[in-house]
Amino acid sequence: MMRTYAAILAAVTVGLTTPAAAHHAVGGEYDPNKPITVTGTVTKIDWVNPHARIYFDVKDATGTVTNWSVELAARVVLERMGWNGRSLKPGQVVTVIGDQARSGAPMLNARARENRLAQDGKTPEEYPITLQDGTPVLNNR
Amino acid sequence: MRKLLVVSVMTAVCVTLLTQSASTQQSGQTVSQARRLGPPKGPVPRLPSGQPDLSDVAWLASGGNFRQHDALLLPAAKAILDKRDVTQDPHNFCMPDVVPRTTPFPIRFFFNYTHKTPTHMVIVHEGNIHSFRQIFMDGRKHPPELDPTWYGHSIGWWEKDTIVIDTVGFNDKAWFDGRGTPHTEQLHTIERWTRLDLGRLENKVTIDDPGAYSKPFEVTINATTTIGDEVMEYICQDGNQYGINTLPGSPTK
């Protein structure tokens, strides 16, 4: 499956970035020029390495529900920051900002974007995941 | 009078706690907070025998700047580097990283002893893969014929306060870095690990690969130690969905 995309990826690799704590360059998968913001209801938390992932249902204007996912840092990184597998629970409503998958799939990477912003000294308004009351969750700390 | 005594003792305890070195992980402080305060300060910790204590969790930085040695690459090796598709890095598929490549995940040294003499040293890697390197410390030599492996065959010994690790028998599959810097089965590495003080570890690595480079060179890996941290479980194959549904042209469902 990977080899099928090798030729396409050759052109894409030029713009790869390597975020400080990522274990691989994610620019090939997620487009740093395509940050988007989505709000939805958490359905599942995948508390794993090498990337924890949050799944959430997003309802569009027509009422159609799509399940989105956002890729975060490794579980070990998040735990060393004081987060755990219960920091978010299914049913909570979150607003997520991340780079979208180059395939166009409903998949985001929040970590790469957060690292870029941190390098630029951005302010806390740019937290990747926030609850409805504005509380950030699962962010770098 | 008794209340005054209790209050004085409590105050003294609080003052003592507050004035402790801020760069050692305190209870209530996360590991990432402790790391941001910088490496703990103090002399090299030693075992009762006088040998440097290498037992703390260590974080490697600067995984060896190979780009600066590109000019030493032989034409065939340079051609491999130029052709490599960075998305196909074996690291992305949970394969081992070979010395001196580093990851954001810590390592820890463990020694196995018979009586007083170490027989094996094991370097446990938390990630990128949850693996270990085995270094034979019993004075044996490298076998004359070796079938290549990812981590190679390592022998080690102390030279004063430095652990020396000599490794041969590597396969050519791992990449030295995310760019795809190659090596061959002729790779021979010599690492010199020294704990400089309580918070700093240094590894000077000689890279000697006559199949890929015109001459040997050295890279230096700096590392910091944290006190009170543990190696955590990191099973790369668990949630590794690298490339699944995210790459251009892949199905979006």
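Q: What is the order of elements in chain B, from the N terminus on?
A: In this predicted model, chain B runs α-α-β-α-β-β-β-β-β-β-β-β. That makes 3 helices and 9 strands.

Q: What share of the residues of chain B counts as buried?
A: Of its 253 residues, 33% do. Each of these has 20 or more other C-beta atoms within 10 Å of its own.

Q: What part of the contacts in chain B with a separation of 6 or more comes from residues 24 or more positions apart?
A: Such pairs account for 55% of them.

Q: Why is A:Val38 called partly exposed?
A: A:Val38 has 17 C-beta neighbours inside 10 Å. Buried needs 20 or more, and exposed needs 12 or fewer. The count of 17 lies in between, so A:Val38 is partly exposed.

Q: Where is A:Val38 found, and what does it touch?
A: A:Val38 is in strand E1 of chain A. Leaving out residues up to four places away in sequence, it touches A:Val58, A:Trp68 and A:Val96. These count as contacts because the C-beta atoms lie within 7 Å.

Q: How far apart are the C-alpha atoms of A:Val38 and A:Pro50?
A: They are separated by 23 Å, with the two residues 12 apart along the chain.

Q: What makes E1(A) and E2(A) a pair?
A: Pairing takes at least two bridges. E1(A) and E2(A) have 5, so they pair, and they run antiparallel. A hairpin of 6 residues joins them. A:Asp46 stands opposite A:Arg53 in E2(A).

Q: How do you know that E2(A) and E3(A) pair?
A: The same test applies: at least two bridges. Here there are 7, in the antiparallel sense, so the strands pair. A:Val58 faces A:Thr66 in E3(A). The hairpin has 5 residues between the strands, and A:Gly63 in it takes a positive phi near 95°.

Q: What makes the set around A:Val70, A:Leu72 and A:Leu78 a nonpolar core?
A: A core is made of buried residues of nonpolar kinds such as Val and Leu, joined through C-beta atoms within 7 Å. The largest such set has 32 residues, and these three have the most contacts inside it. Among the elements of chain A that each supply at least two residues are strand E1 (30–46), helix H2 (75–80) and helix H3 (110–119). A second, separate core of 31 residues includes B:Ile163, B:Ala174, B:Trp175 and B:Ile221.

Q: Which residues is A:Leu78 in contact with, leaving aside neighbours within four places in sequence?
A: They are A:Ala52, A:Leu72, A:Ala73, A:Trp83 and A:Leu138.

How values were computed:
Residues are numbered from 1 along each chain as its sequence is written. Chains are lettered from A and ligands numbered from 1 in the order in which they are written. This is a predicted model: local features need pLDDT of at least 70, side-chain atom pairs count only at pLDDT 80 or more; totals for chains, interfaces and linings use all residues. Helices (H or I, at least four residues) and strands (E, at least two) are DSSP runs, numbered from the N terminus. Two residues are in contact if their C-beta atoms, placed from the backbone, lie within 7 Å.
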